[in-house]
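Student: I'm new to this one. Could you walk me through reading it?

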Amino acid sequence: MLAKNQLLSYWKAKKIIKAEQLFQAFLAIKREDFVLPEYRHQAYEDTPLPLGHGATISQPTTVMLMLQALKPKQGDNILEIGTGSGYNAALLSYLVGIKGKVTTIEYVKELFDYASERLKDFKNVKVIYGDGKYGYKQKYLYNKIIVTAASDDIPQALIEQLRVNGTLVMPIGPFHNQQVFKIKKTKKELKRKSIGNFIFVPLK
Ligand code: SAH
């Protein structure tokens, strides 16, 4: 079984991940608790793993690169679309701290149940069963939104539920040509910047 430290050393040596908080979050949260039991021995290989129901827990490097683009901070109010295993939500929970809040939405009931069970001790995380294309309206807008399934365009509801100066990170494009974009919402427009090509399951 590969150790966590090997992935950490790789990210540090290649300067792929730079933020110290991300290393700490990665050390604090156990990916082996989120993968299916039959894949536990592969938890620290840099590869996506099947969750059933057409979903996968993303490759660790992809997860970290998306979080690095999102820049979660203590106290942030963050929305995630595509809970899957709950692993990314657990990392977000660590990064926003007790004053922050994470809301995560999953479309598949079985995965909602799976993730809810794994996230039950993460008090700042709320797991919602529903269609993430419509976001999840709360009293306050979100400072940051992360989408972990790809679609051809940005769902309008997500733009509306994001604060001005907020950041949205999501994969956009068809299956064979997806790029993850970091999108800044300003008063007038959405500013997009690609952080590279990746492969995601589709947003339903
Ligand atoms: N973030 C996850 C990886 C998720 S894979 C993790 O850390 O494990 C993408 C997930 O998005 C799948 O679980 C899929 O069921 C879910 N999904 C797809 N379309 C969705 C939608 N419209 N609303 C909410 N979840 C959706």
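**Reading the model**

Tutor: Buried means under 20% relative accessible area, exposed means over 50%, and partly exposed is in between (1.4 Å probe, protein chains only). Keep in mind that this is a predicted model, where local features need pLDDT of at least 70 and side-chain atom pairs count only at pLDDT 80 or more, while totals for chains, interfaces and linings use all residues. Residues are numbered from 1 along each chain as its sequence is written, and side-chain values use heavy atoms, with hydrogens and water left out.

Student: Where is methionine 66 placed?

Tutor: Helices (H or I, at least four residues) and strands (E, at least two) are DSSP runs, numbered from the N terminus. Methionine 66 belongs to helix α3. Another buried residue is phenylalanine 34, at 3% relative accessibility, and that one is in the loop between α2 (20-28) and β1.

Student: Why is α4 described as largely enclosed?

Tutor: Because nine of the 10 residues of α4 are buried, the rest of the structure largely encloses this helix. Among the buried ones are Tyr87, Leu91, Leu92 and Val96. Just after α4 comes glycine 97, with a positive phi of about 70°.

Student: Which residue has a positive phi although it is not a glycine?

Tutor: Histidine 53 is one, with a phi of about 60°. You'll find histidine 53 in the loop between β1 (49-52) and β2, and it is partly exposed, with a relative accessible area of 44%. Lysine 71 is also not a glycine and has a positive phi, of about 55°. Lysine 71 lies in the loop between α3 (60-70) and β3 and is partly exposed at 47% relative accessibility.

Student: Now the ligand. How many residues surround it?

Tutor: A residue is near a molecule if one of its heavy atoms lies within 4 Å of it. Here 25 residues surround the ligand, and the closest are Ser85, Glu106, Asp131, Gly132 and Lys204. By type, the shell has 12 nonpolar, nine polar and four charged residues. Ala, Val, Leu, Ile, Met, Phe, Trp, Tyr, Cys and Pro count as nonpolar, Asp, Glu, Lys and Arg as charged, and the others, Gly among them, as polar.

Student: What lies 2.8 Å from a nitrogen atom of the ligand?

Tutor: A polar contact is a pair of N or O atoms within 3.5 Å. A polar side-chain atom of aspartate 131 is 2.8 Å from a ligand nitrogen, and a backbone N or O atom of glycine 132 also lies 2.8 Å from a nitrogen atom of the ligand. In threonine 148, a side-chain N or O atom is 3.2 Å from a ligand nitrogen.

Student: How much of the ligand does the protein bury?

Tutor: Accessible areas come from the Shrake-Rupley method with a 1.4 Å probe. Taken alone, the ligand exposes 580 Å², and the protein buries 99% of that.

Student: Which elements give two or more residues to the shell around the ligand?

Tutor: They are β2 (55-57), β3 (77-81), α4 (87-96) and β4 (101-106). The largest share, three residues, comes from β2.

Notes. Polar contact = N/O pair within 3.5 Å; in protein donor to acceptor, adjacent residues only side chain to side chain.
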